[in-house]
Amino acid sequence: MSERWFRETLHEGIGQEIRVDEVYFESDTGQQALSIFGNRHLGRVMTLDGVVQTTEADEFIYHEMLAHTPILAHGNVESVLIIGGGDGGMLREVLKHPALRVTQVEIDQAVIDLAREYLPNHSAGSFDDPRATIVIADGMDFVRETDQRFDVIISDSTDPVGPGEVLFTDDFYALAKRCLAPGGVLVTQNGVPFVQMEEVINTRRRMSPHFVDMTFYCAAVPTYYGGIMTFAWGTDDKALRRTSLEVLGWRARHVGLKTRYYNAAVHQGAFALPQFLVEAIEAA
Ligand code: AG3
C-alpha cells in the first residue's frame, strides 16, 4: 500500500510534510476542514484547513509558553480568558495554577468534541474542571460584549486566515484591552517570523497603540514550520516583563508547577529577540 502524506499549505512554495500513519478523523465541521491523524514521530496531529494546529509530541512547548509566561510574570492572577484553544491543551496548562478561574471562548464546538475524543491527552480532563467555563462563541463578539475583566487573556488562535483572522485586527486588540483588569496581560500566538514576517509588523502596528508595553517573546515549536514562533505581549505594567528569576522561580515552586519546557530562565530568555526582529519592530 502506498504511503499517504499530509502536505501543509500555509506558506507559498515552502513547507512541511508529515506521513499519515493512521487516520482518526477527517471531515468538515461546517466551519473548517478538520483532520486528526497519527504519525510515528509526532503522535496524534490535528490540522485545520490544511495547517498543523497541534501535535502530541511538541504541544507542550507552545501551551506552556503561552500559559505560564503571563501568569507567572503577573503573579496574582485570579481570572484567565482563553480565546480559541479548542483542543484543550491551553486550558490544561492554565489550570495547573490552582487559584484561578478560566473562561474559554471557542468558536467551533466540533473542535472541542473531536479533540476530547481523539486527542484526550491535550485536555486531560480539564474541560470537566469546575474552575473552567466553556463558551461556544466568536471570540470577537465575546470581547465586545462581556463585562467580565481578566488578569490574563490568551489568544490561542489559528493563523490570520479563515475564522482566526479577526483575532489579528486592531479592533480585537482594543476590545481585548478593554477586558483586561488593571495590570493585566494579553498574549497571542503570532506566527513564525521567518515565513510570516508581516504578522510581526502588523501586530506591532495594531497592538502597540493600546498598551504601555508591547513586545514579543519566542519559542521554537518544531511543527510550526520555519523556526522560532513569536508570541505577542501587551500590558500597561512595564515591570511585568522584568520579573526576576528568583520571583518567577519562587512563584512556580509555590504552585508546584510541573513543566517540560517552561522554567524561569527560559521565561526570561524568551524576551531576548534576534536582531532581525528587533529591527522589524523598530521599523514597524
Ligand atoms: N494554534 C496556533 C497554530 C499556528 C500554526 N501556525 C503556523 N505554523 N504558522 C494552535 C492551537 C493549539 N492549541
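## A tour of the aromatic rings

Begin by selecting Tyr-62, Tyr-217, Tyr-224, Phe-231, Trp-233 and Phe-271, which ring pairs link into a cluster. The model is predicted, so local features need pLDDT of at least 70 and side-chain atom pairs count only at pLDDT 80 or more, whereas totals for chains, interfaces and linings use all residues. Residues are numbered from 1 along each chain as its sequence is written, and side-chain values use heavy atoms, with hydrogens and water left out.

A search of the whole structure finds 10 aromatic pairs, where rings of Phe, Tyr and Trp (its six-membered ring) pair if their centres lie within 6.5 Å, with planes under 30 degrees apart counted as stacked, over 60 as edge-to-face and the rest as tilted.

Show Tyr-62 and Tyr-224 next: this aromatic pair is edge-to-face, with 5.4 Å from centre to centre and 85° between the planes. Tyr-62 lies in helix α1 (residues 59-74) and Tyr-224 in the loop between β12 (213-220) and β13 (228-235), so the pair ties together parts that are 162 residues apart in sequence; helices (H or I, at least four residues) and strands (E, at least two) are DSSP runs, numbered from the N terminus. Tyr-62 is buried, with a relative accessible area of 3%, and Tyr-224 is buried with 13%, where buried means under 20% relative accessible area, exposed over 50% and partly exposed in between (1.4 Å probe, protein chains only).

Then move to Tyr-217 and Trp-233, whose ring centres are 6.0 Å apart with the planes at 90°, so that this pair is edge-to-face. Tyr-217 belongs to strand β12 and Trp-233 to strand β13, so the pair ties together parts that are 16 residues apart in sequence. Tyr-217 counts as buried at 0% relative accessibility, and Trp-233 is buried with a relative accessible area of 0%.

For charges over rings (NZ of Lys or CZ of Arg within 6 Å of the ring centre and within 35 degrees of the ring normal), select Arg-260, which lies over the face of Phe-60 at 3.9 Å from the ring centre. Select also Lys-177, whose charged end sits over the ring of Phe-211, 5.4 Å from its centre.

The last stop is Ser-79, in strand β7 (residues 79-84), which counts as buried at 8% relative accessibility. Its side chain reaches the backbone oxygen of Arg-149 at 3.3 Å. Leaving aside residues up to four places away in sequence, Ser-79 touches Leu-100, Arg-101, Arg-149, Phe-150, Asp-151 and Val-152, contact meaning heavy atoms within 4.5 Å.

How values were computed: A polar contact is a pair of N or O atoms within 3.5 Å; within protein, one must be able to donate a hydrogen and the other to accept it, and residues adjacent in sequence count only if both atoms are side-chain atoms.
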